[in-house]
Amino acid sequence: MPIVKNVSRAVSQLLQSSGCGCGISIVPVRCIGVSPRQVASDASFHSVSFSESDHPRVLITGGLGQLGVGLAKLLRKRFGKNNVILSDIRKPADNVFYSGPFIYADILDYKNLREIVVNNRISWLFHYSALLSAVGEANVPLARAVNITGLHNVLDIAAEHNLRLFVPSTIGAFGPTSPRDPTPDLCIQRPRTIYGVSKVHAELMGEYYHYRYGLDFRCLRYPGIISADSQPGGGTTDYAVQIFHDAIKTGKF
């Protein structure tokens, strides 16, 4: 899939250097006193150094969405099948389940997500869990929980365990008052959907965690995604995705 290859290439280039997605490098500093969450003073910390010559241990949340399966396939070719863990709260198809490690991971369950990172020695985290625009507008409280509270859990765990974190954003982060032709990276955004609002929040929180805690945070604003690896997921491109699936299923265009 061209879009997954392009995303993988872009993310790979970004992850080759330290710092945040804005291109400014800051040396991460770790100490209990600035941990994003309250940590018991007698807690036991086990720090695992990560060398760029070693293969990273990768966790993909929301892995059964439009990009997770394709990204996992490419990363497994590069880093090894067992070094890339796909996760979701849904049951995977047989071909996905048997293609490599898959686990249940609910990003709203902070304790369980933290255990997954620790027990699997995760060093890179691709955070794809989200409710997209159409589904989010139909259930704003759930979208707020998944897209914002879930993000906070991921940010805190990534900061605590010194992970490299990638969180996708969207052109939905712009709004009707944003300038056009062309739209600059830095401008008035003011989105009108909970999905767009949550992604603006994610961009700003990731940048804040980089400057405040030294988190290696990366972010790309995706356009509309058309994927052959998954069914429509509740976004604005659902029609474009569905017509191709229906054409294959029915033989009619």
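## Overview of the predicted model

Buried residues (under 20% relative accessible area, with exposed meaning over 50% and partly exposed in between, for a 1.4 Å probe and protein chains only) make up 44% of the 253 residues in the chain. This is a predicted model, in which local features need pLDDT of at least 70, side-chain atom pairs count only at pLDDT 80 or more, and totals for chains, interfaces and linings use all residues. Residues are numbered from 1 along each chain as its sequence is written, and side-chain values use heavy atoms, with hydrogens and water left out.

The chain has eight helices and eight strands; these are DSSP runs numbered from the N terminus, with helices being H or I of at least four residues and strands E of at least two. The chain exposes about 13,800 Å², of which carbon and sulfur atoms supply 56%, as given by the Shrake-Rupley method with a 1.4 Å probe. Among contacts (heavy atoms within 4.5 Å) between residues at least 6 apart in sequence, 68% join residues at least 24 apart.

Six strands form an open sheet in the order 3-2-1-4-5-7, with parallel pairing; two strands pair if DSSP finds at least two bridges between them. Strand 3 (102–104) and strand 7 (216–218) each have a single partner strand, so one side of each is left without a neighbour in the sheet. On average, neighbouring strands of this sheet are turned by 20 degrees against each other, direction ignored.

At the edge formed by strand 7, three bridges join this strand in parallel to strand 5 (residues 164–166). F166 has R218 of strand 7 as its bridge partner. Helix 2 (residues 68–79) lies across strand 1 (58–61), strand 2 (84–88) and strand 4 (124–127), and runs at about 165 degrees to strand 2. Such angles run from 0 to 180 degrees between N-to-C directions, with axes fitted to C-alpha atoms, for helices over the stretch in contact.

## Nonpolar cores

A nonpolar core is a set of buried Ala, Val, Leu, Ile, Met, Phe, Trp, Tyr and Cys residues joined through side-chain atoms within 4.5 Å. The largest such core has 29 residues, and those with the most contacts inside it are L59, V117, L125, L155, L165, L215 and F217. Helix 4 (110–119), helix 6 (140–160) and helix 7 (194–213) each supply at least two residues of this core, and helix 6 gives the largest share, eight residues. A second, separate core has 19 residues, among them V58, V69, A72 and Y128.

## Aromatic pairs

The count of aromatic pairs comes to eight. Rings of Phe, Tyr and Trp (its six-membered ring) pair if their centres lie within 6.5 Å; planes under 30 degrees apart count as stacked, over 60 as edge-to-face and the rest as tilted. Y208 and Y209 form an edge-to-face pair, 6.1 Å centre to centre with 75 degrees between the planes. The rings of Y208 and Y213 have centres 6.5 Å apart and planes at 90 degrees, so this pair is also edge-to-face.

Y208 is partly exposed at 42% relative accessibility, whereas Y209 is buried at 8% and Y213 is buried at 12%. One aromatic cluster is formed by F126, Y128, F166 and Y222.

## Surroundings of R57

R57 lies in the loop between helix 1 (2–15) and strand 1. Its C-alpha is 5.2 Å from that of S123, although the two residues are 66 apart in sequence. Leaving aside neighbours within four places in sequence, R57 is in contact with N82, N83, I85, N120, R121, I122, S123 and W124.
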